[in-house]
Amino acid sequence: MIQVRALKLLAELTTSEKLALLDGDTPFWSGMADIALHQASHRHPWPAAGIPRLGLAGLQFVDGPRGVALEGGATTFPVPIARGACWDPDLEERIGEAIGREARSFGANWVAGVCINLLRHPGWGRAQETYGEDPVHVGAMGAAMTRGLERHAVACVKHLALNSIDSSRFLVDVQVSERVLHELYLPHFRDCVEAGAGSLMSAYNQVNGLWCGQHPQLLRRILKERWGFGGFVVTDFIFGVRDGVGALLAGQDLEMPFRMVFAGCLPEAVADGRVPMQCIDEAVLRLLQVQLGVPPGAYPTSLRSCQQHRALAREAATSSIVLLRNEGQVLPFNGLSSLAVIGRHASVANLGDRGSSDTRPMAGSVVTPLSGLQAAAPDLRIEQANGSSPQAAAELAARCDAAVVVAGLDWHLEGEHIHPGDIAPILRLIPPPEWMLRLLGRHRLMPLWRPVAHWLAWITSFASARQGGDFAAGDRTDLSLPAEQVALIRQVAAANPRTVVVLMGGGALVIEEWRQLVPGLLLLWYPGEQGGAALADVLLGRVSPSGRLPFSMVADTSQLPPFEPRARRVVYDLWHGYRRLQRDGHPAAYPFGFGLSYSQFTASDLTAELQRSDGRMDQLKASVTITNTGEVEAAEVVQLYLEPPAREIERPARTLVAFQRLLLAAGESRRLTLVIPLRACATFDPVMDGFVTEGGVHRLVLARHVEEEGLAVELELEAALVCR
């Protein structure tokens, strides 16, 4: 039905109307002025693909990885890396649905809330916007967010592909083999396509010498032809196209948010036959079909930060907390009469970076660690120090029964970044404003346009990066805590043996120099507006911590892949995160999947079998019984890893293939079944142009983290082409 309506509309459009659908509805120069002068990215949605003559209201875009990024009091959820630590696709789907509802209350119907670039290196400034380092885990979480958003709006999945360095994203060429591309860096995008994503965003960077915004292999041959993607492809914002004709022919459907490169070249390219009308019609039809599929209806502003959504934010923040260290069972706190809460981050809102994903929560809605503890324990004497004087903080800690030091990162130390000058080559492609042409004359102005464009590029770089009056920091080359925070932790820990460190931030830290000085250590992340309440629930024992690491925390930075924020060329291989640590024989400081609980669990009776469909192997099914042997209700994250046959093909020793979060009462047992697509167990064979299982004995290992010995079962698989 939608396709029939879209085809009818397509037939009624003029050529000029079709071309107008292929870029944002906002003129470039007025749009950039709006951003620079009024921070427009956080004030209104960006419109596209509207045809009022035919009753098409168009698409209205907002950002939204941690909540709708517009002023007006939308709920701020924990950042995606924190939600990745929940390992809970059901929860993520509910969050996606909530963000979709709130977006509609702003008049938006298209949400860029699904960032699934792999965390290849913890220094990536936008680590906080993705879910983790493993494609199976990231794919499951991204697909869940996609399903939730699509109930109310168009989900935008980003950034295709291999976009995991921020400071050189306009420059870097990522070199990658066919096998690594399909096996490691694309499966999670495929998961989101199969979950029903209406749009995918191309990346700024190059892959194997071609810009992602005009990459026919990525956009057309893989995404649209191999995977059968029926939605549309949109550029990354403002500077996502270098060659308008090449981009459209490669499979790019929409340039956002302004009328820029497409508007400047496509009319002439269509007129002279360089772009066939069939190509225009294909892109327009995709945009029409997606737009017609948006659920109708009005959404009230009362949805924003409503009680249900605040409760959801608190649930996510609580589930995301990862307890890394609990020596002597220092947690949960019991029998305290006094508590020292120390550190600048304890009493200020610390929600994440201030780039495109920045949110604007309702005034007074953010629960800080200090206010969360004060509200949860009104009879407990809580004293606070900002930590500017380590000696004074230590003296305070010594006077109290226990101490909590809230340390970590903020937007000054990591985040989205646009390097001044990088966009000059792109800006030169955009025609000067018409008023300038009229004033100076085309022939007089055009020879001067290149140097003028270079100068304007610096201005627009800052305008694009400037959000909320501040600049984001970009990628991190130093993965340690700031020295003054380490000094503070040392002195407080020396003064009080019941010291717990709470770490905030969006990426991994290297904490070897001090982590064993404190008995308690946990990750709070950027926990959203209800983070302080969630922290109090865990510290006071009202909820058992259940977060698990979505990445590996290394003992030394030498164990990480090379990382140069201003790199022009990098090579991505199979080896990052826990895969690299396994290969090199380095135990992690805290491994992928790790997290402590206030309870204990056992796993028993692990079985596995092949399931066949139409006479071919289709998937594996593993069943196991999990028992909570502790004394409190708690959630366990059941993780299933694959160990392949010892053959000549180079493969990681163990990889995640399935997981499930499970809440159990004290003493409760439950049998669960995990389904594993054979594609997750296969390798990509460039000669066969598809995923192939190795013949031989495969071990499925149920473990609490990637380095645990775990409970294993063996299966014999035959060599076979699983899928393309």
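**Reading cores, a helix and a sheet**

Modeller: This model is predicted. Its largest nonpolar core has 61 residues, and Leu162, Leu200 and Leu218 have the most contacts inside it.

Colleague: What do nonpolar side chains tend to do in soluble globular proteins?

Modeller: They tend to be buried together.

Colleague: Which elements give two or more residues to this core?

Modeller: They are α5, β4 (110-115), α6 (135-150), β5 (154-160), α7 (178-185), α8 (187-194), α9 (216-226) and α13. The largest share, 5 residues, comes from α5. Another core lies apart, with 58 residues, among them Ala247, Val261, Val270 and Val294.

Colleague: Back to Leu218. Which residues is Leu218 in contact with, leaving aside neighbours within four places in sequence?

Modeller: Its contacts are Leu160, Ala161, Leu181, Leu186, Val207, Cys212 and Leu223.

Colleague: Now α13. How far does α13 reach from its first C-alpha to its last?

Modeller: Compare the span with the one expected at 1.5 Å a residue. Helix α13 covers residues 307-320 and reaches 20 Å, close to the expected 20 Å. Its buried residues include His309, Leu312 and Ala313. The buried residues of α13 pack against several elements, including α5 (89-105), β12 (322-326) and α21 (531-539).

Colleague: Next, a sheet. What is the strand order in the open sheet of 3 strands?

Modeller: The order is β26-β27-β30, with antiparallel pairing. Edge strands pair on one side only; here they are β26 (683-685) and β30 (720-723). The twist averages 50° from one strand to the next.

Colleague: What packs on the sheet?

Modeller: Helix α7 does, touching β26 and β27. Its direction makes about 145° with that of β26.

Colleague: How many bridges join β26 and β27?

Modeller: They pair over 3 bridges. Thr683 has Val692 of β27 as its bridge partner.

Technical notes:
Residues numbered from 1 in each chain as written. Predicted model: local features only at pLDDT ≥ 70, side-chain atom pairs only at ≥ 80, totals over all residues. Heavy atoms only, no water. Helix = DSSP H or I, 4+ residues; strand = E, 2+ residues; numbered from the N terminus. Expected span 1.5 Å × (residues − 1). Buried < 20%, exposed > 50% of the residue type's maximum accessible area, 1.4 Å probe, protein only. Contact = heavy atoms within 4.5 Å. Core = buried A, V, L, I, M, F, W, Y, C linked by side-chain atoms within 4.5 Å. Pairing = 2+ DSSP bridges. Axes fitted to C-alpha atoms, helices over the stretch in contact; angles between N-to-C directions.
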